[in-house]
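Please take a look at the model below. A short report on its architecture comes after it.

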Amino acid sequence: MKNIFSHQLITLRRQKKLSQSSLANKLYVARQSISKWENGDSDPSIENLINLAEIFNVDLDYLVFGTNNADNLVLKLSQIQKSFYQPVLKGVDLEIYSRDRIALLGSNGSGKSTLFKIIIGLMKADSGRIENHINNLDSLNVMPQDNVLIDSFKLNEQVQLTAAINKITSKTFIQDMIKKFSLTPYINTNVSKLSGGQKRRLSLLLSLLRPSKLLLLDEPTVGMDLETIDFFWNYLDHVSGSVVTVTHDFNQIDKFFSRVVLLKNGIIDQNVSVDTIHSHNQTIEQWYRHFND
Ligand SMILES: Nc1ncnc2c1ncn2[C@@H]1O[C@H](COP(=O)(O)OP(=O)(O)OP(=O)(O)O)[C@@H](O)[C@H]1O
C-alpha cells in the first residue's frame with residue numbers, strides 16, 4: 001500500500017493546493033505525520049484515512065490504491081449515437097465513477113446537451129448502450145441549461161414543491177438551504193419577478209436539495225454574478241457523489257474538476273485527468289484551446 005498511497009497523498013494534497021501544515025491542521029495531526037506518510041515511513045490510522053478521503057473528496061480505494069474500483073462505476077455509455085438532420089453523436093464512450101468531477105467541454109452545437117438528455121432519459125439514443133448503476137429516480141439530480149421554474153409560484157412555494165416531491169420534510173434544512181443561497185429576502189417574491197441570477201441560484205438550490213449519486217449541470221454559472229459563481233464552485237466542492245458539468249466558465253474550474261472530457265466531431269475526443277493537464281503546466285483553458293482547435 002505504501003508506495004501508491006504516498007504518491008496519491010502527495011498528488012491529491014497538491015491538487016487541493018494544501019501545504020503539509022494546512023492538511024495536518026485539518027486532520028488535527030502533527031505536520032511530521034503527513035511528512036512520514038508521504039515518505040512511506042508510517043501509515044495513517046483508518047480514521048485518518050477516512051478523513052483524508054473526505055478532504056480530498058475521493059473514494060477510499062482511490063486514495064489507497066490509486067484506481068477507481070469497477071464497483072464504483074456510476075454510469076457507462078457505449079457507442080451512443082444520435083442524429084437529427086445530421087449525425088450529432090457518432091459513438092460516444094464514457095465511464096463515470098463515483099466522486100468523479102468531470103468538466104464536459106465542446107464547441108457550441110457539439111452535442112453536450114443532447115448527451116445530457118440521453119443520460120437523463122429525456123431523449124432516446126438511436127443506438128448504443130447505457131449501463132446505469134444508479135436509480136435515476138432517486139440518485140440523479142439535474143440542473144438544466146434553461147430554468148425550469150414555475151413563474152406564478154412564490155420562491156418559497158417552488159422550494160416546498162420540490163422538497164415535497166423529493167420527500168424532504170425538515171423545515172430547518174430547507175430554510176438553511178434558502179439562506180445559504182442568499183434567497184431568504186425573496187421567499188415571498190413571485191418566481192417571475194426574480195432576476196436572471198436569482199433564478200439560476202434557485203434552480204441550483206432545487207437541484208441540490210436532495211443528495212445524489214450523480215449530478216448533471218448544464219452551463220450552471222451562466223447569468224450568475226461573480227459572488228454567486230464563487231459560492232457555486234465552493235458549494236459544489238462539498239457535494240458528495242459524481243458531478244458532470246457542461247461549462248464555458250474557465251475561471252475557477254482548475255480547482256474544482258478532476259477530469260476533463262472533450263466532445264468533438266461526435267465522439268469523446270479527449271478524456272484526461274486535470275492532474276495530467278497541470279503536470280504539463282497548462283490550465284484547463286489552455287488545454288481546451290489546444291485540443292479543440
Ligand atoms: N430536438 C432537436 N431537433 C433538431 N436538432 C437538434 C435538436 N436538439 C439538438 N439539435 C441539434 O443538435 C446539435 C447539438 O445540439 P446540443 O444542444 O446538444 O449542443 P451543445 O453542445 O449543447 O451546444 P451549446 O454549447 O450551444 O449549448 C445542434 O446542431 C442542434 O441544432
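## Basis

This is a predicted model: local features need pLDDT of at least 70, side-chain atom pairs count only at pLDDT 80 or more, and totals for chains, interfaces and linings use all residues. Residues are numbered from 1 along each chain as its sequence is written.

## Domains

The chain is assigned domain 1 (2–67) and domain 2 (71–291); the bounds come from an automatic or database domain assignment. Their centres, taken over C-alpha atoms, are 29 Å apart. Five residues of domain 1 and four residues of domain 2 make the contact, which requires C-beta atoms, placed from the backbone, within 7 Å. On the domain 1 side, one residue is nonpolar, three are polar and one is charged. Here Ala, Val, Leu, Ile, Met, Phe, Trp, Tyr, Cys and Pro count as nonpolar, Asp, Glu, Lys and Arg as charged, and the others, Gly among them, as polar.

UniProt, in an unreviewed entry, places "domain: HTH cro/C1-type" at residues 9–63. Its positions are given in the numbering used here, feature names are shortened, and annotations may be inferred rather than shown by experiment. Residues 9–63 are 71% helix and 0% strand. The end C-alpha atoms of this stretch are 7 Å apart.

Strands (E, at least two residues) and helices (H or I, at least four) are DSSP runs, numbered from the N terminus. Pairing needs at least two DSSP bridges.

Strand β1 (residues 73–83) runs antiparallel to β2, with eight bridges joining them. Ile80 stands opposite Val92 of β2.

## Six-stranded sheet

A second open sheet has six strands, ordered β5-β6-β7-β3-β8-β9, and its pairing is mixed. β5 (140–143) and β9 (267–273) each have a single partner strand, so one side of each has no neighbour in the sheet. The twist averages 15 degrees from one strand to the next. Strands β3 (residues 101–105) and β7 (residues 242–246) are parallel and share four bridges. Ala103 has Thr245 in β7 as its bridge partner.

Helix α10 (residues 196–208) packs on this sheet and touches β5 and β6 (214–218). Its direction makes about 175 degrees with that of β5. Helix α14 (residues 284–291) lies across β3, β8 (259–264) and β9, at about 25 degrees to β8. Axes are lines fitted to C-alpha atoms, for helices over the stretch in contact; angles run from 0 to 180 degrees between N-to-C directions.

## Ligand shell

Which residues surround the ligand? They are Phe84, Val88, Gly106, Asn108, Gly109, Ser110, Gly111, Lys112, Ser113 and Thr114. The cut-off is a C-beta atom, placed from the backbone, within 6 Å.

Helix α6 (residues 112–120) gives the largest share of this shell, three residues. By class, the shell holds two nonpolar residues, seven polar and one charged.

Key. Two residues are in contact if their C-beta atoms, placed from the backbone, lie within 7 Å.
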